[in-house]
Amino acid sequence: GIVLVAINPYEQLPIYEQDVIYAYSGQNMGDMDPHIFAVAEEAYKQMARDEKNQSIIVSGESGAGKTVSAKYAMRFFATVGGSASETNIEAKVLASSPIMEAIGNAKTTRNDNSSRFGKYIQIGFDKRYHIIGANMRTYLLEKSRVVFQAEDERNYHIFYQLCASASLPEFKELGLSKS
């Protein structure tokens, strides 16, 4: 399949705006510069043409921008499918509660708030190829982090938050201590 290498520039660039989505919509792969929108357009087009499920795999190291790339792909689908104004799809699908973030995020040597989850996002489309729903499954990638952390890394945030809250009355029955 198609492979796109994306580099996180650590700053906002004007290459993900609405006008760029429209520029890539309807284009053939290779007609324009490599972009997450080109990959999303190709998947969208093949889904509509072949009426078969499509997959986009976003992979990379910690801090590489995988979650952001997934957001941009979902924004593309919502916009070209005509459902962007009705559903802020990327916000709804990727909205994680602070509890989920605390349980699955940890400090690594490259990122202070690195998600240690794998995510599988399934987006449903109707017969007109409008988004009708989505489901996100998460799975914990680094169970070993519970008992071991590399030098200069931390365990999952939840452990530190629980210790910091140990003196609160609602946590008394948990038997936590700060030591």
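**Briefing on the predicted chain**

From the N terminus on, the elements of the chain run α-α-α-α-α-β-β-β-β-α, which comes to six helices and four strands; helices (H or I, at least four residues) and strands (E, at least two) are DSSP runs, numbered from the N terminus. This is a predicted model, in which local features need pLDDT of at least 70 and side-chain atom pairs count only at pLDDT 80 or more, while totals for chains, interfaces and linings use all residues. Residues are numbered from 1 along each chain as its sequence is written, and side-chain values use heavy atoms, with hydrogens and water left out.

**The chain as a whole**

- Of the 179 residues of the chain, 26% count as buried, where buried means under 20% relative accessible area, exposed over 50%, and partly exposed in between (1.4 Å probe, protein chains only).
- The accessible surface of the chain comes to about 11900 Å², of which 53% belongs to carbon and sulfur atoms; such areas come from the Shrake-Rupley method with a 1.4 Å probe, and for residues only the protein chains shown count as cover.

- Strand β3 (residues 117–125) pairs with strand β4 (residues 131–140) in the antiparallel sense over nine bridges, and two strands pair if DSSP finds at least two bridges between them.
- Tyr120 has Arg137 in β4 as its bridge partner.
- Five residues lie between the two strands of this hairpin, and Tyr129 in the turn has a positive phi of about 65°.

- Glu42, which lies in helix α2 (residues 36–50), is buried yet has no salt bridge, and the nearest side chain of opposite charge, Lys45, is 4.1 Å away.
- A salt bridge is a side-chain nitrogen of Lys or Arg within 4 Å of a carboxyl oxygen of Asp or Glu; Lys and Arg count as positive and Asp and Glu as negative, while His and the chain ends are not counted.
- Not counting residues up to four places away in sequence, Glu42 touches Ile2 and Met29, contact meaning heavy atoms within 4.5 Å.

**Loop residues**

- Phe148, in the loop between β4 and α6 (157–164), counts as exposed because its relative accessibility is 58%.
- Glu51, in the loop between α2 and α3 (66–80), has a positive phi near 50°.
- Asp152, in the loop between β4 and α6, has a positive phi near 70°.
- Most residues other than glycine have a negative phi.
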